[in-house]
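Have the structure open as you read.

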Amino acid sequence: MEVVILPTAIDVGELAADVVVRHLQSSARPVVGLATGSTPLPLYRELLSRSTNGLPVDAATLFLLDEYVGLPADHPSSYRRFIGEQLTDGLGVAPRSLHGPDGCAPDLPAEAARYEAAIAAAGGIDVQILGLGSDGHIGFNEPGSSLASRTRIKTLTEQTRRDNARFFADGEVPLHVITQGIGTILDARHLLLLVTGAHKAGAAARALEEPVTTMVPGSAVQLHPHVTVLMDEPAATQLTLADYHRATWSAKPPWQRL
Ligand code: GLP
């Protein structure tokens, strides 16, 4: 696991864009896992600004991490619509290349299995972008989620519903979601975890520096052989190893890429 601490969230977005663009360029059929929430927005803005010079997205397949149960794709707060507005519409991604779990499917367990099969049929995910919930969740895998879990229905904690109320006009966040499992996420070949803001400092320290536990689902990234964590300084304030990470990054030979 490589941890890079950068001055600001904008810097995190720019370096994350370098990583994503490298994946887009290094495969004939790249598969990218997208996260929603506020954290990846500087990355998505950066990708949109670079797309004016041409980003190789035509051959890419994109998979969302999760979706709210009961929200149709065109609902203003659905993740499908969010990612369209924040990234994929602007990049010119064809709708058939963007996949997300259908939170309105009549048979949600069957939909979860279909989603797993779709990821596998695409050849698996090359790079999975992740944010970190303030309760330590990744995707919508709340504390207590099995580290072996696959795509399934989950119930949101009260804290996550409060955190996400800002994305809903009436503040009413659905209780249920369909999310890639922790096992699904760990199958991606490269994990790109973005953590920004002082309000994430506690969750970041628990996820990166304490023992792996289902109570902090983000700690599961410690089990993965290729993880890049990009953080801003406010999110790194509770890391015991912050100075070590800064020194490692500043001494990094230019031929060693993330
Ligand atoms: C949401 C999403 C996650 C996201 C996390 C953090 O609930 N399901 O994919 O990473 O919470 O959100 P934010 O980046 O807005 O803090």
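Which helices and strands each supply at least two residues of the lining of the largest cavity? In this predicted model, they are helix H1 (9–25), strand S2 (31–34) and helix H3 (79–91).

**The cavity**

Searching the whole structure turns up 1 cavity of 30 Å³ or more. The largest cavity holds about 80 Å³ of space. Its lining is made up of Val 20, Leu 24, Val 32, Leu 34, Leu 47, Leu 55, Val 57, Leu 62, Leu 87, Leu 91 and Ile 129. Sorted by class, that lining has 11 nonpolar residues, with no polar and no charged ones.

Now turn to the open space. The largest pocket contains about 450 Å³. It is lined by 27 residues, of which Gly 37, Ser 38, Thr 39, Leu 132 and Lys 200 are the closest to its centre. By class, the lining of the largest pocket counts 10 nonpolar, 13 polar and 4 charged residues.

**The ligand**

Where does the ligand sit? You will find it in the largest pocket. There are 15 residues around the ligand, and those that come nearest are Ser 38, Thr 39, Asp 66, Arg 166 and Lys 200. This shell divides into 4 nonpolar, 8 polar and 3 charged residues.

| Residue | Protein atom | Ligand atom | Distance |
|---|---|---|---|
| Gly 139 | backbone N or O | nitrogen | 3.1 Å |
| Asn 164 | side-chain N or O | oxygen | 3.0 Å |
| Arg 166 | polar side-chain atom | oxygen | 2.9 Å |

How much of the ligand's area does the protein bury? Taken alone, the ligand exposes 390 Å², and the protein buries 95% of that.

Putting the picture together, Arg 166 is among the residues that come nearest to the ligand, and a polar atom of the Arg 166 side chain lies 2.9 Å from a ligand oxygen. Ser 38, Thr 39 and Lys 200 are also among the residues that come nearest to the ligand, and they are among those closest to the centre of the largest pocket.

Note on methods. Residues numbered from 1 in each chain as written. Predicted model: local features only at pLDDT ≥ 70, side-chain atom pairs only at ≥ 80, totals over all residues. Heavy atoms only, no water. Near = heavy atom within 4 Å. Polar contact = N/O pair within 3.5 Å; in protein donor to acceptor, adjacent residues only side chain to side chain. Areas by Shrake-Rupley, 256 points an atom, 1.4 Å probe, with all protein chains shown as cover. 1 Å grid on protein atoms, 1.4 Å probe; cavity = no way out; pocket = protein on both sides within 12 Å on 5 of 7 lines; lining within 4 Å. Sits in = over half its atoms within 2 Å of the grid points. Nonpolar A, V, L, I, M, F, W, Y, C, P; charged D, E, K, R; others polar. Points joined across faces, edges and corners; volume = space filled by probe spheres on them. Helix = DSSP H or I, 4+ residues; strand = E, 2+ residues; numbered from the N terminus.
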